[in-house]
Amino acid sequence: PPSTCEGQPGVAFLGAMSAANADASSPKAIDVVAELEQGVLELGEAAGELLGLETGVPDPAEELPARKFSVPYVVRAGGATLACCAGITNAVSFLALETFTSHATGTLSKVGMGLQGDDRFHPGSLSMLLVSFVAGSMVCGLFIGKNKVHFGLALYDFGLLSVSGLLVIAYLTAEHHLAKYFAAAACGLQ
């Protein structure tokens with residue numbers, strides 16, 4: 001039966017193409033992904049030659065060395081525990097102090113919105129929250145030397161005691177506006 005779109009060149013072309021693709025004697029369809037991969041390889045080789053870099057495709061049979069994550073399970077468990085403690089501190093801070101204390105990126109976003117004139121956010125108080133968090137992080141960097149976590153000489157245990165102390169101070173000053181800064185410093189120190 002005749003189509004309602006008969007006589008339109010685009011429809012006739014599409015019909016002819018689908019009929020040709022259905023025919024077994026038609027040429028093989030182009031593998032777009034393979035063509036794209038080949039083009040990227042050629043482009044990479046050309047760029048490598050231009051920059052004087054070693055060219056060639058790595059042998060897929062050659063196995064790459066596996067990444068090693070050699071952190072003891074005790075340290076992993078400690079990190080997971082600290083992450084849970086940070087979440088609890090953040091939730092309690094929000095409920096008791098009406099502010100989040102461990103989301104530094106969110107706080108920075110609120111500072112920007114406050115600077116743009118949004119009356120819901122006070123840039124001065126939020127900036128002090130960020131300064132408190134960063135100060136806690138800097139103190140942590142002083143306690144833990146050479147990017148290694150170990151107990152004893154690295155003062156890591158003193159850092160955790162300091163976190164506890166700051167949280168106790170935040171609890172004792174909960175009625176005062178400074179409590180949130182102590183809680184933020186504890187989160188940064190952690």
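## Cysteines, helices and cores in an all-helix chain

The sulfur of Cys187 lies 10.0 Å from the closest cysteine sulfur, which belongs to Cys85, and that is too far for a bond. The model behind this value is predicted. What about Cys85 itself, and how far is its sulfur from the closest cysteine sulfur? The partner there is Cys84, at 7.0 Å, and that gap is also too far for a bond. A disulfide needs two cysteine sulfur atoms within 2.5 Å. The structure holds zero disulfides.

**The overall plan**

How many helices and strands does the chain have? The count is seven helices and zero strands. Along the sequence the pattern reads α-α-α-α-α-α-α. The chain has 190 residues, and 20% of them count as buried. Now take contacts between residues at least 6 apart in sequence. Of these, 48% join residues at least 24 apart.

**Helix α6**

Helix α6 covers residues 156-172. Its 17 residues should span 24 Å at 1.5 Å a residue, and its end C-alpha atoms are 24 Å apart, so the two values agree. Which residues of α6 are buried? They are Tyr156, Gly159, Ser162, Val163, Leu166 and Ala170. These residues sit on the same side of α6, because they cover an arc of only 105 degrees around the axis. The face turned away from that buried side carries Leu161, Tyr171 and Leu172, which are exposed. What covers the buried residues of α6? The cover includes α3 (73-97), α5 (123-143) and α7 (179-189).

Val168 is also part of α6. Val168 counts as partly exposed, at 47% relative accessibility. From Val168 to Ala183 is 15 residues in sequence. In space, their C-alpha atoms are 8.9 Å apart.

**Helix α5**

Helix α5 has 21 residues. From first C-alpha to last, α5 reaches 30 Å, close to the 30 Å expected at 1.5 Å a residue. Its buried residues are Leu126, Leu129, Leu130, Ser132, Phe133, Gly136, Cys140 and Phe143. They cover an arc of only 155 degrees around the axis, so they lie on the same side of α5. On the other side, Met138 and Leu142 are exposed. What do the buried residues of α5 pack against? They pack against α4 (104-115), α6 and α7.

**The nonpolar cores**

Which residues form the largest nonpolar core? There are nine: Cys140, Phe143, Ile144, Tyr156, Val163, Leu166, Ala185, Ala186 and Leu189. Helices α5, α6 and α7 each supply at least two residues of this core. Leu166 gives a close-up view. Leaving aside neighbours within four places in sequence, Leu166 is in contact with Phe182, Ala185, Ala186 and Leu189. A second, separate core has seven residues, including Val111, Phe121, Leu126 and Leu129.

Thr89 sits in helix α3. Is Thr89 buried or exposed? At 12% relative accessibility, Thr89 counts as buried, because the cut-off is under 20%. Its side chain reaches the backbone oxygen of Cys85 at 2.8 Å. Thr89 also touches Thr101, Leu167 and Cys187, not counting residues up to four places away in sequence.

Where is Glu98 found? Glu98 is in the loop between α3 and α4. Most residues other than glycine have a negative phi. Glu98 has a positive phi of about 60 degrees, although it is not a glycine.

**Exposure side by side**

| Residue | Relative accessible area | Class |
|---|---|---|
| Cys187 | 11% | buried |
| Thr89 | 12% | buried |
| Cys85 | 36% | partly exposed |
| Val168 | 47% | partly exposed |
| Glu98 | 69% | exposed |

Glu98, in its loop, is exposed.

How values were computed:
Residues numbered from 1 in each chain as written. Predicted model: local features only at pLDDT ≥ 70, side-chain atom pairs only at ≥ 80, totals over all residues. Heavy atoms only, no water. Buried < 20%, exposed > 50% of the residue type's maximum accessible area, 1.4 Å probe, protein only. Helix = DSSP H or I, 4+ residues; strand = E, 2+ residues; numbered from the N terminus. Expected span 1.5 Å × (residues − 1). Arc of directions from axis to C-beta. Contact = heavy atoms within 4.5 Å. Polar contact = N/O pair within 3.5 Å; in protein donor to acceptor, adjacent residues only side chain to side chain. Core = buried A, V, L, I, M, F, W, Y, C linked by side-chain atoms within 4.5 Å.
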